[in-house]
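Biologist: Please take me through the strand pairing and the helix packing of this model, one point at a time.

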Amino acid sequence: MSHHVRVGLIGCGNIGASFAGLLAERRADVRGTTGIDLELTRIAVKNLGKPRPGIDPALLTDDTDSVVLADDIDVIVELIGGIDPVKDLLLEALKSGKPVVTANKELIAAHGEELSNAAAEAGVDLFFETAVVAGVPVLRSLRESLIGESISKITGIINGTSNFMLTRMADEGLDYDAVLQRAQELGLAEPDPTADVSGADVASKLAILASLAFKRLVRADDIEREGITEVKAEDFDIAARFGYTIKLLAVAEVFRDAETGQSEIGAQVFPALVGLTHPLAAVRDSFNAVSLSCDAAGELLFHGPGAGQLPSSSAVLGDLIAAADHLRRDTHRRVPFGQRAVLRDPDRLVHSFYLRLRIVDVPGTLSEVSGVLGAHGVSIRTITQQGRGDDASVVFITHPASEGSLRAAIAEFSALSSVHGDVSLMRIVE
Ligand SMILES: NC(=O)c1ccc[n+]([C@@H]2O[C@H](COP(=O)([O-])OP(=O)(O)OC[C@H]3O[C@@H](n4cnc5c(N)ncnc54)[C@H](OP(=O)(O)O)[C@@H]3O)[C@@H](O)[C@H]2O)c1
């Protein structure tokens, strides 16, 4: 006999409608393989008048409380998005003893700890695999397979829109505005693309990944971020000549003090020059990847579509089955966010850098600029100059140096009459 689980869905848009379709399609198979019969019992939406092909109108309501607090619903699947009113709805659901499955990265990055505590107090699950790289099961791996690991570093490409745009800039020499327009025409970028191109979406996902990987709570606001809006077409040409491409990276690393046993976490989002032989250089278009440096398991790479209706629905379904299985066995699994992380001052983080400056090409300019870098302890690996006269540019590739040193040197460049225009600065990941 199968275990019957009644599912309340709140939100039936892009992902919700796809998930409802996948659940209908897979219900019999899931029952056959797991012994769990998942019945979609009610669906809350905002606008009851919208056409919803494939959705039984008898299931629809615009009263979310009638789903969240219903006695005849066992599990809540949240696919509305955003923080208000979703946070309060999910707290209500958890407090009333219902497990919650959500895809909401913004909510989990900002309030995951509070929701996780509410779930633990109620003795139910809170699962959110879909919130980070959709159908690629990296969060479940962190929570289960890798729970005993010591993970020292996460490096990821975790925003498909920006990765698509950077791939097209690299391949076709398009500039930022042209490639954004292309992404919008293809439906890969929102009419307001800010969250994707500013690094904000990446910071939310990195906060969740870092919290689970390092078992220390990292919030999106803790993460220093730069987006891709300042990446120029000419940087791709120069990067390629040095053997790099440009990617928007999420990087988080643990720094352990062997003497005190204390640890700090460095967490940043930035466009970086990535060596062409690095595994992340091969992650193209809207694909995502997350690389984990594990003490025992070694370097692990998770790769796949990081968004989209079916990949997201697949992750929601996996979480739902896990939550339903736990209900059947009267158990739950806590997602540990851990104590608040101590964040490392970004000025102390060390990278090699790519630095492109516009200069007036007169005798002494290069030694003047190099002198400023040297005075701040930044040692130069290569220098390349392009152009002549007033419109010359010079590119430095540095040896590893602290961000603070680079920032201090750049602040001094503004006082030099030989340097003009914007400075392009990117980290290098070999
Ligand atoms: N798109 C992706 O590839 C992707 C990937 C991973 C995670 N996610 C996450 O999945 C979630 C859903 O995204 P989406 O793209 O499906 O969003 P969406 O298309 O905007 O759908 C939102 C749904 O929520 C409903 N809704 C909005 N406010 C509501 C309220 N106050 N009460 C009840 N229902 C309400 C809307 O109702 P109406 O239909 O009546 O407007 C709609 O059905 C988000 O958290 C997103 O970050 C998305």
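**Helix packing and sheet order**

Modeller: In this predicted model, helix H3 passes helix H4 in a right-handed crossing.

Biologist: Are H3 and H4 roughly parallel or oblique to each other?

Modeller: The axes of H3 (residues 86-95) and H4 (residues 105-122) lie 9 Å apart and meet at an angle of about 15°. Angles under 35 degrees count as roughly parallel. H3 is therefore, relative to H4, roughly parallel.

Biologist: Into which classes do the residues of the contact of H3 with H4 divide?

Modeller: H3 contributes Val 86, Lys 87, Leu 90, Leu 91 and Leu 94, while the residues from H4 include Leu 107, His 111, Glu 114 and Leu 115. The contact of H3 with H4 divides into 2 charged, 1 polar and 9 nonpolar residues.

Biologist: What is the handedness of the crossing of H4 and H9?

Modeller: H4 packs against helix H9 (residues 200-214) at an angle of about 50°, with the axes 9 Å apart. The two helices are therefore oblique. Their crossing is left-handed.

Biologist: Which residue of E4 is the bridge partner of Gly 8?

Modeller: Strand E1 (residues 3-10) and strand E4 (residues 75-78) run parallel and are joined by 4 bridges. In E4, the partner of Gly 8 is Ile 76.

Biologist: Which are the edge strands of the open sheet?

Modeller: The sheet has 6 strands with parallel pairing, in the order E3-E2-E1-E4-E5-E6. Pairing on one side only marks the edge strands, E3 (60-61) and E6 (126-127).

Methods: Residues numbered from 1 in each chain as written. Predicted model: local features only at pLDDT ≥ 70, side-chain atom pairs only at ≥ 80, totals over all residues. Heavy atoms only, no water. Pairing = 2+ DSSP bridges. Axes fitted to C-alpha atoms, helices over the stretch in contact; angles between N-to-C directions. Parallel < 35°, antiparallel > 145°, perpendicular 65-115°, else oblique. Left-handed = near helix turned anticlockwise from the far one by under 90°. Contact = heavy atoms within 4.5 Å. Nonpolar A, V, L, I, M, F, W, Y, C, P; charged D, E, K, R; others polar.
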